[in-house]
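Student: I have a model open and would like to talk it through with you. Could you take my questions as they come?

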Amino acid sequence: MERVAGQAIFSSTTFREEREADWARLEELLRRAEGGSVRRLSDEDLLELPVLYRSALSALSVARATSLDMALIAYLEGLCTRAYFFVYGVRTSFGQRAMHFFTNDWPAAVRRIWRETLIAIVLMLAGTIAAYLLVSNDPSWFNAIIPSGLAAERGPDATAEALRATLYDDNERNGLGVFATYLFTHNAQVSIFAFALGFAFGVPTALLMVYNGAILGAFVALFVDNGLGFELGGWLLIHGSTELFAIALAGAAGLHIGTKIIFPGMESRLAAARRAGRTAATAMIGVIVMLLFAGLLEGFGRQLITDDWTRYAIAAAMFATWCAYFYVPRLGDGEH
Amino acid sequence: MASINPALPYGATERTLITPEGVDLRLKLATAGQRAGAFLIDFILLIVILTAFTIAVVSAGLGTVGSGSLAGLEIVAVIWLLGFFLLRNFYFIAFEIGRRSATLGKRAVGLRVVARDGGRLTADAVIARNLMREIEVFLPLSFLAGGEGVDGWIALIGLAWAGIFLFFPLFNRDRLRVGDIVAGTWVVHAPRRKLEIDLAGGNGEAAGAFAFTEDQLDAYGEYELQTLENVLRAGNAETEANVAATIRGKIGWEWREEEEDRAFLSAYYAALSTRLERRMLFGNRRRDKFDTGEDGSNA
């Protein structure tokens, strides 16, 4: 036995000693790469890293087959996992990614959910019409539909003059920035919520769309009854063409996930949910960008511009811009 | 020998991830406890950051009040609203899009987010999984707070409904959150490890004092070897004494004066691992002490 032990045919100890320095080097490179930007690594380092990664990976295979040192195998597994995710990780810079998002990913994602967008719009319209009919027949419905905080001084008891004042009054001019920011964050949060609820097979999202439309319908009914329909249109649409569009898209993103979970088609349910989730998430980031615009239009544009026709013109221009941006096909635009 | 191989613990939480080079990385899924712990750390951090941020913004606001202009106050309010919004929605996203694919809490626990297909973790996946937190965390929280203007029973039903999303990871094998399903991600436990010292090498002279016979080394297999490795790495004197006594009894080792338990165990470990590893090279594995190599699979 002693004699056999003397002739080391292969020893895991020497195997380890030969490679330890490489592993330490790989660990050091990874530590620097993960700690900050890749720019901290020199060109040589970046060339060396995949080589070290592959040698660590082969060392892991050898160690699994020849060594019984569990700590060593666990160490190599951890090291290789980290290196793998670095070597095969995302390489594009933030700037490139943002560029690609605006020129390609966002419009493509919005196009891919066009069916759900139409459904969301129909649901909102249904809510609007239903609430309009209810409130114009019986104004007491107004308080049942609209939360009192949102209505403020606008209510069934208000006079036409008071209502007119709410459309043009700029008593909030002092706090415009705060107002715009509040509206933006609030709407964005509601949209994210509508999106996330899509997971429950889209049902709560659909309800949210109908309810959103109902709030709108109740307001329209109230103002139309007081002969202020045209004026309300300008007040609403200057930001609403962007905001309602964004909310419809958020609802569509949620519905997209919900319907793909119910009807996965040829894919497995998990795979379908994943694909839908990614498309919807891309659309959602766009929704938040749109709501930022809407918040600015609502906070500043609406308070500073009080001419009805100008309001309508801005609303139409915004709507046309969004539609062109999303739906006009462009050159070299393959749907992957 | 039936069932699992103790030398290769392919547990219920292990998943294969085969790299393009053809090596299985054997990712370990994070347990529900680890994930809850990581989330708790993040949540506490969020609250601490929010408190510090609010104090900073409010004190800046008080400063502008002194100067008597409202414009300053307005900017302060805008900063707070935007800061709160960004923190709530983008704290997780910003960290997980980064190179480590983990929030501070996940880093502390040794977790990271990976794409289930082993490909790159994309920004849209990270965004999808984190926007879903809205129904997993904030929805139950809002029902817990009593809901907005709904009465007790409705709030309770809502809470139960929201709880389905909160406890979703406990109901599936892969511990997937709702966000993970939608994003196609996994959370794996991949802590940074230090390379531990080699227990089998480096004590050549000391090993000379212990000469084990083949019979003595044949008493144990790989499973016992790894148990012994854990005992040695833990370095608890009492356990070592117990284990040393057991092994001495099993192999019929004569205890000599002044023989240290740890030295004995180290020497036995080195000798046993050398022997088992050599047998492995010849395709002859011995899983544990009951493995006689006679069932044909190891021949």
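Student: What is the area buried between chain B and chain A, and how much of it do carbon and sulfur atoms give?

Tutor: Bear in mind that this is a predicted model. The area buried between chain B and chain A is about 6,700 Å², and carbon and sulfur atoms give 65% of that area. Phe85(B), Arg99(B) and Leu195(B) supply 11% of what chain B buries against chain A, which is more than any other three residues.

Student: How many residues does the contact take from chain B and from chain A?

Tutor: The contact takes 76 residues from chain B, and 74 residues from chain A.

Student: And how many residue pairs are in polar contact between chain B and chain A?

Tutor: The count is ten residue pairs, with both residues at pLDDT 80 or more. On the side of chain B that touches chain A, helix α2 of chain B (residues 70-97) gives the largest share, ten residues. That side of chain B divides into 43 nonpolar, eight polar and 25 charged residues.

Student: How many salt bridges are found across the interface of chain B and chain A?

Tutor: Two salt bridges are found across the interface of chain B and chain A. In one of the salt bridges, Glu21(B) pairs with Arg54(A), and the closest N and O atoms are 3.0 Å apart. There is also a salt bridge between Glu77(A) and Lys28(B), where the closest N and O atoms are 3.1 Å apart. Glu77(A) lies in helix α4 of chain A and Lys28(B) in strand β2 of chain B (residues 27-28), so this pair joins two chains.

Student: Is Glu77(A) buried or exposed, and what about Lys28(B)?

Tutor: Glu77(A) counts as buried because its relative accessibility is 10%, under the 20% cut-off. Lys28(B), at 28% relative accessibility, counts as partly exposed.

Student: Which residue of helix α3 in chain A does Glu77(A) pair with?

Tutor: That residue is Arg64(A), which forms a salt bridge with Glu77(A) with the closest N and O atoms 2.6 Å apart. Glu77(A) is in helix α4 of chain A (residues 70-87) and Arg64(A) in helix α3 of chain A, so the pair ties together parts that are 13 residues apart in sequence. Both Glu77(A) and Arg64(A) are buried.

Student: Stepping back, how many salt bridges are there over all chains?

Tutor: The count comes to 20 salt bridges over all chains. Among them is the one between Arg25(A) and Asp45(A), whose closest N and O atoms are 2.9 Å apart. Arg25(A) lies in helix α2 of chain A (residues 12-35) and Asp45(A) in helix α3 of chain A (residues 43-66), so this pair ties together parts that are 20 residues apart in sequence. Arg25(A) is partly exposed at 29% relative accessibility, whereas Asp45(A) is buried, with a relative accessible area of 8%.

Student: New topic: what is there to say about the phi of Arg26(B)?

Tutor: Phi of Arg26(B) is near 50°, which is a positive value in a residue other than glycine. Arg26(B) sits in the loop between β1 (14-15) and β2 of chain B, and at 15% relative accessibility Arg26(B) counts as buried.

Student: And where does Arg175(B) lie?

Tutor: Arg175(B) lies in the loop between α6 (152-166) and α7 (178-183) of chain B. Arg175(B) is not a glycine either, and has a positive phi of about 55°. With 27% relative accessibility, Arg175(B) counts as partly exposed.

Student: How many helices and strands does chain B have?

Tutor: Chain B has twelve helices and four strands. Of the 299 residues in chain B, 43% count as buried. Chain B exposes about 15,100 Å², and carbon and sulfur atoms supply 63% of that. Among the contacts in chain B between residues at least 6 apart in sequence, 66% join residues at least 24 apart.

Student: Last one: which residues is Phe95(B) in contact with, leaving aside neighbours within four places in sequence?

Tutor: Phe95(B), which lies in helix α2 of chain B, is in contact with Ser101(B), Ala102(B), Thr103(B), Leu104(B) and Arg107(B) once those neighbours are left aside. Phe95(B) counts as partly exposed, at 25% relative accessibility. The C-alpha atoms of Phe95(B) and Val126(B) are separated by 9.5 Å, and the two residues are 31 residues apart along the chain.

How values were computed
Residues are numbered from 1 along each chain as its sequence is written. Chains are lettered from A and ligands numbered from 1 in the order in which they are written. This is a predicted model: local features need pLDDT of at least 70, side-chain atom pairs count only at pLDDT 80 or more; totals for chains, interfaces and linings use all residues. Side-chain values use heavy atoms; hydrogens and water are left out. A salt bridge is a side-chain nitrogen of Lys or Arg within 4 Å of a carboxyl oxygen of Asp or Glu. Buried means under 20% relative accessible area, exposed over 50%, partly exposed in between (1.4 Å probe, protein chains only). Contact means heavy atoms within 4.5 Å. Accessible areas come from the Shrake-Rupley method with a 1.4 Å probe; for residues, only the protein chains shown count as cover. Buried area is the accessible area (1.4 Å probe) that two parts lose on being put together, summed over both. A polar contact is a pair of N or O atoms within 3.5 Å; within protein, one must be able to donate a hydrogen and the other to accept it, and residues adjacent in sequence count only if both atoms are side-chain atoms. Ala, Val, Leu, Ile, Met, Phe, Trp, Tyr, Cys and Pro count as nonpolar, Asp, Glu, Lys and Arg as charged, and the others, Gly among them, as polar.
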